[in-house]
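Trainee: I am new to this structure. Please take me through it, and then look closely at a single part.

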Amino acid sequence: RCLSIAPTKFQDFVTDKQDMLNVTLHEVMPSSTADYLLAHINEALDTQTNICCDYALPVGEVERYFCASISPIDSEKAVLVVRDISDRKRTEDALNDSMQRLQLALEASGDGLWDWDIANNKLYLSPNFCKMLESEPSELPFCVEYWEELLHPDEKDWVLNRLATHL
């Protein structure tokens, strides 16, 4: 049961926070979501450790995403701090979609991709890039010095000079 609610932007989701007091999760959300949260609450109470979990809830016509941080007070009570993470979730989903499209485009084109993390001097070579070199990723050193070795001798000085002007 919900015993108290701190002052928040709670009104975005419930017209009156008093409606939430002394009710169970099953009374205010879908059964499967309530069961999911209760399992995490019980885990926090049983282990006396903090637990975090994400879940989705329909709010009006829109599905919203939340992160619940569950902290046990004693063996029977816990504090739940719930944050709306809908914007973050939508951003993560858009990024994942974009990454999948890029991966499909790279696979379909047969092009290889390399990326240099200048700050850490690490090199990323895509599987297609490694395939072009007739190597497995595990066989290649992932450092910029290796990339420099791949440059054609007639172009190496020009490429390295151009690179230096951009760094």
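Mentor: From the N terminus on, the order of elements is α-α-β-β-β-α-β-β-α-α-α, which comes to 6 helices and 5 strands. Helices here are DSSP runs of H or I with at least four residues, strands are runs of E with at least two, and both are numbered from the N terminus. The model is predicted, so local features need pLDDT of at least 70 and side-chain atom pairs count only at pLDDT 80 or more, while totals for chains, interfaces and linings use all residues. Residues are numbered from 1 along each chain as its sequence is written, and side-chain values use heavy atoms, with hydrogens and water left out.

Of the 167 residues, 23% count as buried, that is, under 20% relative accessible area with a 1.4 Å probe and protein chains only; exposed means over 50%, and partly exposed lies in between.

The part to look at is serine 126. Its place is the loop between strand S5 (122–125) and helix H4 (127–132). Serine 126 is buried, with a relative accessible area of 5%. Leaving aside residues up to four places away in sequence, serine 126 touches Gly112 and Leu113, where contact means heavy atoms within 4.5 Å.

Helix H6 (residues 153–166) gives a contrast: of its 14 residues, the number buried is 1, so H6 lies largely in the open. The end C-alpha atoms of H6 are 21 Å apart, which agrees with the 20 Å that its 14 residues should span at 1.5 Å a residue; the expected span is 1.5 Å times one less than the number of residues.
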